[in-house]
Amino acid sequence: MYLFLIFLFVPIVEIALFIQVGDLLGLWPTIAIILLTAFAATILLRQQFTIIRYRLDNIISDLSRSDQSLSAAEPLLDIIAIFAAALCLLTPGFLTDAVGFLLLFIPTRRLTYRFIFRLIQRYALTRVSSHPDTQNKDILDVEYEEIRPPNRDVDISRKSN
């Protein structure tokens with residue numbers, strides 16, 4: 001459902017922005033801005049893809065050494081964010097260009113990761129709390145302490161007759 005709304009909402013906003021900017025600046029300046037952002041995006045993405053290549057080499061070498069000290073999640077998220085930025089920048093429009101350029105900058109990427117992580121946590125918590133097993137009234141939430149019987153060492157070496 002959310003994906004449908006995104007595919008419906010984004011083109012409508014892009015068309016409205018094209019109309020507004022075209023009305024404000026005129027046809028040729030609007031087209032010039034679109035071409036300029038595409039050119040700038042190409043240069044920035046070229047630089048970012050060299051970073052991706054370097055990070056992938058680091059991830060592969062760390063995995064081959066089985067080095068668990070480096071968390072591979074952040075470099076992989078960076079790669080995904082750069083590809084998402086590339087898709088946004090290749091899509092003509094002002095909204096998608098803005099999102100694409102924001103994803104190219106590391107601070108906004110970090111904010112995006114935190115936002116997505118919180119969404120995932122919230123989703124996971126609502127899924128757990130709405131699970132049928134948690135709605136069962138027969139389940140009690142209790143605290144307990146395990147009590148072990150005293151250790152009775154028995155000497156097996158002696159035989160009783």
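Modeller: This is a predicted model. H5 (106–129) contributes the most to the lining of the largest pocket, with 8 residues.

Biologist: What makes a residue part of the lining of a pocket?

Modeller: A lining residue has an atom within 4 Å of a point of the pocket. For the largest pocket 15 residues qualify, and Leu103, Thr112, Tyr113, Phe115 and Ile116 lie nearest its centre. Helices H3 (73–90) and H4 (94–104), like H5, each give two or more residues to this lining. The volume is about 450 Å³.

Biologist: How do you know which class the residues of that lining belong to?

Modeller: Tyr and Phe count as nonpolar, whereas Asp, Glu, Lys and Arg count as charged. By that rule the lining of the largest pocket has 13 nonpolar, 2 polar and no charged residues.

Biologist: What lines the second largest pocket?

Modeller: Among its lining residues are Ile6, Phe9, Ala84, Leu87 and Val99. Helix H1 (2–25), H3 and H4 each supply at least two. The classes are 8 nonpolar, 2 polar and no charged, and the volume is about 290 Å³.

Biologist: Why are Ala41, Leu45, Ala85, Ala86, Leu89, Leu103 and Leu104 called a nonpolar core?

Modeller: A nonpolar core needs buried residues of types such as Ala and Leu, joined through side-chain atoms within 4.5 Å. Buried means under 20% relative accessible area. These 7 residues make up the largest such set, so the name applies. H3 gives the most to this core, with 3 residues.

How values were computed. Residues are numbered from 1 along each chain as its sequence is written. This is a predicted model: local features need pLDDT of at least 70, side-chain atom pairs count only at pLDDT 80 or more; totals for chains, interfaces and linings use all residues. Side-chain values use heavy atoms; hydrogens and water are left out. On a 1 Å grid over the protein atoms alone, a cavity is a set of points where a 1.4 Å probe fits but cannot get out, and a pocket is an open set with protein on both sides within 12 Å along at least five of seven lines; lining residues have an atom within 4 Å of a point. Grid points are joined across faces, edges and corners, and a volume is the space filled by probe spheres set on the points. Helices (H or I, at least four residues) and strands (E, at least two) are DSSP runs, numbered from the N terminus. Buried means under 20% relative accessible area, exposed over 50%, partly exposed in between (1.4 Å probe, protein chains only).
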